[in-house]
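Visitor: Could you walk me through how to read a few features of a protein model?
Guide: Gladly, let us look at it together.

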Amino acid sequence: MSTPVPRIPAAAAVVVHAAEDMVWAQWLRQVAAEIGVPARLRSFGYADEPEAAADQVIVLVISDHLVRAAARDRQVWAAADQAGAVLAVIVGSGTVPPELAGIPAVDLRVSPEAQARAKVLAALGQPDGPPAGETLARAQWPPVRYPGRQLAGEYRSKSLPRHQAEWFYGRHAEIDAIRTRLENSRAAVLAGAPGTGKSWLAAAYANHFRSQYDLIAWIPGENGARIREELCKLAEPLDIPVSGSRDTLHLDVVEALCTTDLRYLIIYDNVSPDHHDKAGELPLPRKRALLEDVVPWRGRGHVLLTSKAADWDVPQAIPVRAFTAEEGADFLRRHVDQLDTDLARRFSTALDGSPVLLNTLARRGSRGTEEVDEGLLETLSKAPLRVVAGESTYKQTHAIYGDSLRPLVGAPQGSDLWAAGALLRLLTLFPPGQPIPLAVLTSELAAGTRAPGSGLPADLARALTIENRRRAVLDFATRDSVAQLCADPLSDKGRALIVHTVAWHGIRESLPRHFIAENQHLTHHLLGDADPRRADAPAWWDRYLWLWQQTAHTGVLACARVADPGDPCARLPELIRNIIGALRSRGECTAAIGLGVAAIERWLPVLGEEHIGLVRIRIVVGHTLWQVARWEEARAQATAARAGVLQRRAEFPEEYAWASGLLAAALRMAGDWAEAAVADESAYLWARERLGDGHVETVRARHNLAVSYRMLGRFEDALTLDAANYEQMRADPELSGDTILTLHCLNNVARDHRELGAYAESVAVQEEVMRAFTELVPDPLQQHQLRGRKNLAVSYRKAGRFQLALETQRAALTDHVRVYGPDHPESIAARINLANDYRMTGNLDAALTHAEEAHSRCAAVRPDHPYTAACAVDYAAALRRADRPADALSLDQEAVDIFTRRLTADHPYTLAAQSGRASDLAALGRLDEALALGADTLDRVRRVRGANHPYTLQCAVNYTLDLLAADRTAEAEDLERDTLQRYAQTLGPDHPDTQAALARRRGACDVEPPPM
């Protein structure tokens, strides 16, 4: 038989709750308001004594939190015993005094929302209770979800700090301010000096209001790369497809957060310039507008940031201050038995009310084994003022943390106490405020090459690699909150230790000066052990990002032992090379370049130009510079790398091939296509001689040579190389596993077919490539897919499928700009291709707009580049179609000059520009000049491209029209018959170009900027 629900009719209520149960109290207030019962909230435990008038009822929110708070101060039970009307609402288990066990209560611990609501309404005297008329007073309260709800789909970041309620004090006003600010404007910033407890406050808010969110994410905000990586982890709970390339996945996550109906809380912790960052990553800005790509400002969820910076404009900062002397004293006396009130107040004053320092002091005192007395206070009071990290004034913290460390360091060597002290000192060699995985310290990460513990001193290794001893060591290391256990950022089940910035400085102050110099190389060895040596594998990118964050602070680039081949630090150049490669693959090119350039500058005087480690760093830095279109710098790195390995190329043939290939790629990007071909030929011949035809680097060198040949107009030679490559990649078991390179070879075959006029074959092969790329890398924004989509659209247009080409290229351009920006050569190529598609589908306005933008962007930074000439040819074609032949002639002449100077007068691209120039002259009435140029161009195109190439036939059509205009009818009709016959044989009778020739419509030989 069920227990009847008590009924206590009331005109008003006072809801008494522990701070952790604030949401329950707000929900009860919301339910009471439905029946017209106003309710005030009282958070118990901080000098707030519940009181009720005669017509009011005290509602006690019973949970373990309230019971523990009442154990320190029995005023809540005394008030409940004296009150006339009391109702207990049980939301969690807890032991109450026997004399109060008879208080009327409703138990909501296992009740679904509808049942819980009915119980509360019945207890307040309104069992059926139609909702009361709503009043304006309710507008001041944000709507509250039922706190007891259970949702299977909820997501919580594993990096979310564990909230320790018993050590969290006060902050009621701040938590109220956070909730109000988030409800009103959806974003808030907690700003304050180091040590004021901003992160603890953010974690407490997340804990208190966890039932109000479907998704809670904690994102360390020290630098942009870490923020982007943590955002990518939200892809799965947001149902965003994840593929091998995640260059722009964080943008997809931000966009999804801006549009989702999920209630989310995203906490960005410590968003401010990182003064420890020396690796070249740009510090995060403080202003909202400059964080658009990593913060979902437009979303309907909540965004909470913590920051040392106070000068935020929007959202306006909520200041997080230190404790007052009275608050600090109250906090200490809650944890340190029999601590005198006046002494506690003086301790609080001596520590500037720092919650972090007071927390450590309270933990020491709570153990009862160490005195919190006048002697310690005198030590603290003598500490001079100093500046922590150049940002906030503090008294020296080593008096607190040094005293916590001293019993550990002074313990017998090899004991668990001693190991805890050694561990804490070791942690200060890593950056403050960042999780340091235990598996890194013990060299136990996956893909490691050394035995567990081999990187540590023997006594410490034994203590940390034996599980039962490790638990004891960690207990000692974390007992005073000097360090805290947290989730391992590099593995799902591992553990990590984190030392707060203030504690970190305190420990450093207590260390002997020689300790850091003597032990810094130990961290270098541990970081080297953590290198999985697979920079190209997405599975290891998180680890490389973490390793990158450690490099600056641990002094890796300042290590002089890199030159000693017998020292483990000699592995550091390889570690840096792999970090750069992973950052580049991940899309963090700015960070990759910054780290690489810094490494070269620091190690060049130590290692010399010919050190193979430095050569490898130059190569990967050069590739990264090439990727972001900084080709002059890429060329400089390639030149230096090639010179550095030249005398040892027999010993390092792969490195020589890499450097030569990079140099050729940089030359292509700079527009020096002929010089690039010479470099590619040299690299290919060297690879064949030293590595053999079956080596993957030989295949790669042959692939690059085919690219250069295609750019020089040697399309048959390019096809021969590309086809041979593809067949070898398919047939050789040792090569066939490299699917990406195999598809690149096949993709190049498709391009060669297109340049040779075999448009149908090009489409068929290109579609096959795209199907394979899509299966291998589903992300449409991945670079292989992007390039493939762009080229497929061109093949569609050449095959006469204009509308499909337009749709494909339009989407490709949008994604190119998103990934590369509007000024990257790949984006410019996509834009000018789209202009051609608009021209062929009759949308001249769009064609002119895109063509003009592509040409102006290209000409602004590379006026003498073949890409600029290609854009000029295609822009001129649109202008000519819009009856602006004078403007078109100027552009065609510009293109002819560039192509002739950069390439040759007989290059296919030069002849395409000459064909356009002849049409311009004809449109301007300069028929004699048009005829002379048209005849010469047709003759040259026949020799260069062949009599049946579609471009040859287009030149013939245009020349025929000029002959007719000059009344040379017989000559024109002979040429026309031959041209139409060849069109039907080459493209088929239904191809739009064949139909245009039949209708005697003039056409254009456009130029697609070739991939470089």
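**Reading a loop and two helices**

Guide: Let us start with Thr-554, which sits in the loop between helix H20 (541-553) and helix H21 (572-586). Keep in mind that this is a predicted model.

Visitor: Is Thr-554 buried or exposed?
Guide: Buried means under 20% relative accessible area. Thr-554 has 0% relative accessibility, so it counts as buried.

Visitor: Which residues is Thr-554 in contact with, leaving aside its neighbours within four places in sequence?
Guide: Thr-554 is in contact with Leu-429, Phe-430, Gln-520, Thr-523, His-524 and Leu-527.

Visitor: What does Glu-654 touch, not counting residues up to four places away in sequence?
Guide: Glu-654 touches Leu-691, His-695 and Glu-697. For Val-696, sequence and space can be set side by side: Glu-654 and Val-696 are 42 residues apart in sequence, with 9.8 Å from C-alpha to C-alpha.

Visitor: How can I check the span of helix H5 (residues 172-185)?
Guide: The expected span is 1.5 Å times one less than the number of residues. H5 has 14 residues, so it should span 20 Å, and this agrees with its end C-alpha atoms, which are 20 Å apart.

Visitor: Which residues in H5 are buried?
Guide: In H5, the buried residues are His-172, Glu-174, Ile-175, Ile-178, Arg-179 and Leu-182.

Visitor: What follows H5?
Guide: Arg-186 follows H5, and its phi is positive, near 70 degrees.

Key. Residues numbered from 1 in each chain as written. Predicted model: local features only at pLDDT ≥ 70, side-chain atom pairs only at ≥ 80, totals over all residues. Heavy atoms only, no water. Contact = heavy atoms within 4.5 Å. Helix = DSSP H or I, 4+ residues; strand = E, 2+ residues; numbered from the N terminus. Buried < 20%, exposed > 50% of the residue type's maximum accessible area, 1.4 Å probe, protein only.
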